Amino acid sequence: RGGGGGARSGSRRSAVKMAIENEARQRKKGTKAEAGTSGAVAAPTPSRAKAKAEAGGAAAVAPPQTGAMAKVLLVLITIALMVPSILSYYYYGPNFFLPESFTRLAHSPEEWQAMLRNRTAVFVGGPHRGGTSVLWEALGAHPSVSRFGSRRETGADHSEGMFVQTVYPRFGIGTEFNRGKEGGRGNAKWRPVGLGRYALGPEAEVHWTEEHHSVGPAKQALMLNEFGRHWDLTDKPVLLEKSPPNIVLSRYLQALVNVGNGAWTPEPPTFGGVASAAKFVFISRHPLANAYAHRAMSLCEDERVAILLANWLAQHEWLEVDARHLQSHKRLRIEDLTAEPLAHVEALWHWLGLPARPEHAAQIAATIRPAPNAKYLVTHCASMAAEAAKHVAFKGAMAQLNVRVQAVHVSGAAELGSNLFDYDRRYDLLDDDWRCAELPDAPVGAADSTPSLKDEP
């Protein structure tokens with residue numbers, strides 16, 4: 001029985017095996033038959049066709065998938081990041097994106113000292129919005145003067161040297177965008193940096209002189225190499241640089257440029273009996289006009305006039321101290337330059353030892369517009385006329401500052417000579433124009449309640 005059972009079991013397995021093999025052969029024959037047809041594709045069954053149609057319709061109305069949304073978002077972010085770079089390239093050119101170390105020259109201190117033996121470095125300074133750009137354009141119009149190029153050529157606002165160097169501070173200029181969050185002076189967030197404020201900072205941070213520890217050949221070469229990439233060093237005898245804060249840095253710049261200049265010393269009045277390789281031209285503007293010009297800029301539109309006047313005073317009081325230590329400098333007012341542009345341009349070129357160029361002087365003089373303060377004066381007197389109380393307060397506040405304002409020179413020169421600049425002119429906060437003389441005087445006793453300048457809104 002055991003043997004028979006094993007045989008039956010084996011026969012059953014053989015039968016199953018045969019059935020499986022037969023089914024496989026039938027499937028194989030069916031596949032070959034389909035391959036041998038004329039290429040026509042069998043039509044799908046109604047149920048399969050319906051399923052495909054429904055799937056296609058669903059795909060047509062389905063919302064974008066997460067992956068597509070991510071791609072769109074990535075494109076938008078890329079565009080947002082590229083726009084500032086594109087605008088920066090448009091306004092400032094390729095130099096804006098290059099570090100100073102990539103483009104600066106590589107002359108040694110000895111090479112610069114040799115070049116300066118037959119060249120003069122001329123620095124223009126003054127308050128921002130005070131006429132430094134007008135003066136720089138006028139001086140640079142002479143064919144023997146090498147000045148910086150345009151904003152796109154230098155990658156710097158107004159082609160100012162302070163933005164292309166790494167030797168001395170930039171005083172936070174260009175970072176004024178967050179001022180609205182600082183509150184007034186005395187607030188913990190208020191900082192004396194940037195336009196209209198920087199001169200109010202600590203003396204050690206603002207006022208640099210020949211005593212600064214960095215004065216030496218290394219910093220001399222570094223600064224001149226950074227400036228030099230924007231100068232024509234072939235055969236022009238005057239190298240011109242303009243930055244308004246030169247008004248508080250003049251003694252430092254004089255000492256730095258004169259490193260290695262023979263027996264030159266920073267000690268007045270003889271300076272070692274050697275002519276300086278550096279000269280300075282400072283331009284100023286009526287302090288109230290200068291304050292209004294600051295407030296015409298979006299970065300300073302909310303700044304208090306009191307702060308702007310205090311900053312103007314600090315700049316000019318530092319210059320008043322420094323002028324005695326400068327071997328060669330000129331001071332002038334933008335009001336005088338714009339009233340007689342041709343005479344001033346020719347006199348400045350003569351002072352720099354440049355040959356007369358009447359045609360160039362006439363061309364640049366024709367571009368200088370007269371009466372630069374007129375629109376601000378109209379705004380000021382209209383404001384005073386609108387409120388009698390404000391007019392009274394203004395006169396009282398200006399009287400507090402006028403003693404200091406009239407103590408500083410804004411025209412004249414340290415060295416003697418007969419030209420337009422050897423006279424002494426000063427500003428008056430209460431002259432007929434700025435006190436709006438056509439307005440009625442304040443009532444008797446009104447001044448007793450005049451608020452202090454520090455309370456000016």
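This is a predicted model: local features need pLDDT of at least 70, side-chain atom pairs count only at pLDDT 80 or more; totals for chains, interfaces and linings use all residues.
**Exercise 1. The surroundings of Val124**

Task: Locate Val124 and list what Val124 touches, leaving out residues up to four places away in sequence.

Solution. Step 1: Val124 is part of strand E1.
Step 1: Its relative accessibility is 0%, so Val124 counts as buried.
Step 2: The residues touched by Val124 are Thr132, Leu135, Leu139, Leu240, Glu241, Lys242, Ser243, Asn246 and Val281, not counting residues up to four places away in sequence.
Step 3: Phe280 is 156 residues from Val124 along the chain, yet their C-alpha atoms are separated by 5.9 Å.
Step 4: For the chain as a whole, consider contacts between residues at least 6 apart in sequence: 76% of them join residues at least 24 apart.

**Exercise 2. Helix H10**

Task: Find how many residues of H10 are buried, what covers them, and what span H10 has between its end C-alpha atoms.

Solution. Step 1: In H10, 12 of the 12 residues are buried. Among them are Asn246, Tyr252 and Val257.
Step 1: The cover over these buried residues includes strand E1 (120–125), helix H8 (203–206), helix H9 (217–228), strand E3 (238–242), strand E4 (278–284) and H12.
Step 2: A straight helix of 12 residues would span 16 Å at 1.5 Å a residue, but H10 spans only 13 Å between its end C-alpha atoms.
Step 3: For the chain as a background, 42% of its 457 residues count as buried.

**Exercise 3. Helix H12 and its two neighbours**

Task: Describe H12, then state how H10 and H11 cross H12.

Solution. Step 1: The 18 residues of H12 should span 26 Å at 1.5 Å a residue, and the end C-alpha atoms are 26 Å apart, which agrees.
Step 1: Since 15 of the 18 residues of H12 are buried, this helix is largely enclosed by the rest of the structure.
Step 2: The axes of H10 (residues 246–257) and H12 come within 8 Å and cross at roughly 25°. That makes H10 roughly parallel to H12, and the crossing is left-handed.
Step 3: From H10, the contact uses Ile247, Val248, Ser250 and Arg251; from H12, Gln315, His316, Trp318, Leu319, Val321 and Asp322. By class, there are 5 nonpolar, 3 polar and 2 charged residues in this contact of H10 with H12.
Step 4: The axes of H11 (residues 287–295) and H12 (residues 305–322) come within 9 Å, crossing at roughly 125°. That makes H11 oblique to H12, and their crossing is right-handed.
Step 5: Pro287, Leu288, Asn290, Ala291, His294 and Arg295 of H11 meet Val305, Leu308, Leu309 and Trp312 of H12. The residues in the contact of H11 with H12 are 7 nonpolar, 2 polar and 1 charged.

**Exercise 4. Helices H16 and H17**

Task: Classify the packing of H16 against H17 by its angle.

Solution. Step 1: H16 (residues 374–386) and H17 (residues 388–405) pack at an angle of about 120°, and their axes are 5 Å apart.
Step 1: That makes H16 oblique to H17.
Step 2: His380, Ser383, Met384 and Ala386 of H16 make the contact with Ala388, Lys390, His391 and Phe394 of H17. By class, the contact of H16 with H17 has 4 nonpolar, 3 polar and 1 charged residues.

How values were computed. Residues are numbered from 1 along each chain as its sequence is written. Side-chain values use heavy atoms; hydrogens and water are left out. Axes are lines fitted to C-alpha atoms, for helices over the stretch in contact, and angles run from 0 to 180 degrees between N-to-C directions. Helices (H or I, at least four residues) and strands (E, at least two) are DSSP runs, numbered from the N terminus. Angles under 35 degrees count as roughly parallel, over 145 as roughly antiparallel, 65 to 115 as roughly perpendicular and the rest as oblique. A crossing is left-handed if the near helix is turned anticlockwise from the far one by less than a right angle, and right-handed if clockwise. Contact means heavy atoms within 4.5 Å. Ala, Val, Leu, Ile, Met, Phe, Trp, Tyr, Cys and Pro count as nonpolar, Asp, Glu, Lys and Arg as charged, and the others, Gly among them, as polar. The expected span of a helix is 1.5 Å times one less than its number of residues. Buried means under 20% relative accessible area, exposed over 50%, partly exposed in between (1.4 Å probe, protein chains only).
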